[in-house]
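The following report describes the architecture of one protein chain and several of its local features. Please consult the sequence and the structure while reading.

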Amino acid sequence: MATALELPDWLLVEILSFVPLRDRLRSSRVCKRWRRLMLDKALWKRLDLSPYRVGPKVLWQLLRQYLGSGLRTLKVRGRLLSVPRAPLLSPALLQELGKRCPNVACLSLLEEDLRKIPFSCLPRSLRCLELQSCELPQAWFPPGNGPSSLTHLEHLVLDRIPAFSDSQLRALSRQGALCSLVLRVTYRVTQQGLRDALPGLGHLRRLELCGCSVPADGALQAIGRFLPRLRELRVTVAGLTARGLASLVGMQALETLGLLGPPPTPDKLSAKHILSFCLLLPNLRVLSLQGMGLGSADEALLRKGLAHCMITVGGLPLEGWGLRGLS
């Protein structure tokens with residue numbers, strides 16, 4: 001059996017990539033060879049710091065010693081919910097991240113206070129930005145597609161962002177490259193805000209609108225009117241009726257539809273209503289019904305009538321749908 005000393009560099013790097021970050025950093029003290037291997041770009045392509053409570057000093061150290069042009073994905077948990085509350089990120093750190101890691105494409109921030117971080121400090125190379133339980137200022141996203149915007153940003157996830165409002169949604173409509181938008185528990189967004197912003201988001205191909213305060217019928221009417229080229233839609237259906245669902249009939253490009261409970265009353269929206277509507281969508285291939293209160297007979301009806309679709313039926317998930325395919 002070969003020892004670690006006999007293994008080639010590429011295989012050791014592959015093994016080290018599965019080692020937890022803390023142990024990986026300690027392994028650099030084993031010998032000069034391992035210290036050299038720790039600088040390999042392949043080890044720092046995806047960095048998830050969310051399991052750890054790191055401070056700014058540790059982030060700066062990682063940035064200066066290990067992170068570089070190989071980094072593609074970075075996930076960090078801030079200290080918004082810690083005691084004492086103190087920001088983890090700073091404008092200087094984010095600007096340095098953009099300089100040292102010019103190829104970073106995905107940034108995920110959890111529980112961080114961004115009220116003193118200008119949007120313009122984010123790395124210009126970002127294609128995916130995910131914010132979860134973060135604090136934002138009232139006006140954070142740039143109002144236009146100018147120098148302060150992220151011209152390559154394609155995917156945006158806003159999950160439990162209390163300050164996100166109609167004005168910020170309107171600002172997003174000027175991010176020309178944006179093709180996927182996820183809004184979860186953004187209760188300040190109103191029906192009028194959707195009507196004002198969606199005309200500028202006609203380039204979207206994926207939209208998730210869950211846990212918001214906008215009535216389901218009103219949201220679907222605005223979506224059906226202004227986003228006819230949408231391919232994937234996932235939405236909370238509180239108060240949804242057959243009439244509201246029918247407002248999506250014009251979305252002939254729709255391939256994936258997800259409806260998340262609470263269950264509507266059968267007289268307003270039944271399995272037969274859903275079946276009749278889905279048969280009018282020629283490209284529909286995936287139907288997800290979570291927490292809709294459908295019985296086995298309803299499920300059988302849908303599976304028989306939509307044999308060409310992949311159908312998932314279940315209870316309410318503990319967490320919202322995730323953003324897939326953004327590694």
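The side chain of arginine 77 makes a polar contact with the side chain of glutamate 111, at 2.8 Å. A polar contact is a pair of N or O atoms within 3.5 Å; within protein, one atom must be able to donate a hydrogen and the other to accept it, and residues adjacent in sequence count only if both atoms are side-chain atoms. The arginine 77 side chain also reaches the backbone oxygen of serine 50, at 2.9 Å. Arginine 77 is found in strand S2 (residues 73-77). Leaving aside neighbours within four places in sequence, its contacts (heavy atoms within 4.5 Å) are Ser50, Arg53, Leu88, Leu110 and Glu111.

The model is predicted, so that local features need pLDDT of at least 70 and side-chain atom pairs count only at pLDDT 80 or more, while totals for chains, interfaces and linings use all residues. Residues are numbered from 1 along each chain as its sequence is written, and side-chain values use heavy atoms, with hydrogens and water left out.

**Overall architecture**

The protein chain has eleven helices and eleven strands. Helices (H or I, at least four residues) and strands (E, at least two) are DSSP runs, numbered from the N terminus. The C-alpha trace spans about 70 × 55 × 35 Å along its principal axes. Of the 327 residues, 49% count as buried; buried means under 20% relative accessible area, exposed over 50%, and partly exposed in between, with a 1.4 Å probe and protein chains only. Among contacts in the chain with a separation of 6 or more, 72% are accounted for by residues 24 or more positions apart.

**Helix packing**

Two packed helices are described by the angle between their axes and the distance between the axes. Axes are lines fitted to C-alpha atoms, for helices over the stretch in contact, and angles run from 0 to 180 degrees between N-to-C directions.

| Helix pair | Angle | Axis distance |
|---|---|---|
| H4 (residues 56-65) and H5 (residues 91-100) | about 15 degrees | 11 Å |
| H10 and H11 (residues 296-305) | about 15 degrees | 9 Å |

The angle therefore makes H10 roughly parallel to H11. H4 and H5 are likewise roughly parallel to each other. Angles under 35 degrees count as roughly parallel, over 145 as roughly antiparallel, 65 to 115 as roughly perpendicular and the rest as oblique.

The crossing of H4 and H5 is left-handed. On the H4 side the contact is made by Pro56, Leu59, Trp60, Leu63 and Arg64, and on the H5 side by Ala92, Leu93, Glu96, Leu97 and Arg100. By class, these comprise seven nonpolar, no polar and three charged residues. H10, in turn, passes H11 in a right-handed crossing. A crossing is left-handed if the near helix is turned anticlockwise from the far one by less than a right angle, and right-handed if clockwise. Ala271, Lys272, Ile274 and Leu275 of H10 meet Asp298, Leu301, Leu302 and Gly305 of H11. The residues of this contact divide into five nonpolar, one polar and two charged. In these classes, Ala, Val, Leu, Ile, Met, Phe, Trp, Tyr, Cys and Pro count as nonpolar, Asp, Glu, Lys and Arg as charged, and the others, Gly among them, as polar.

**Buried elements**

Helix H8 (residues 216-226) is mostly covered, with eight of its eleven residues buried. The buried residues are Ala216, Asp217, Gly218, Ala219, Leu220, Ala222, Ile223 and Gly224. Their cover includes helix H7 (191-197), strand S7 (206-210), strand S8 (232-236) and helix H9 (242-246).

Isoleucine 161 is placed in the loop between strand S5 (155-159) and helix H6 (166-172). Isoleucine 161 counts as buried because its relative accessibility is 0%. Not counting residues up to four places away in sequence, isoleucine 161 touches Leu131, Gln132, Ser133, Cys134, Leu136, Val185 and Thr186. Isoleucine 161 and leucine 110 are 51 residues apart in sequence and 10 Å apart in space, C-alpha to C-alpha.

**Backbone geometry**

Most residues other than glycine have a negative phi, and most peptide bonds are trans. Serine 133, in the loop between strand S4 (128-132) and S5, has a positive phi near 55 degrees. Serine 133 is partly exposed, with a relative accessible area of 22%. Arginine 160, in the loop between S5 and H6, also has a positive phi near 55 degrees. At 32% relative accessibility, arginine 160 counts as partly exposed.

The peptide bond from glycine 261 to proline 262 is cis, with omega near 25 degrees. Proline 262 is placed in the loop between strand S9 (256-260) and helix H10 (271-278).
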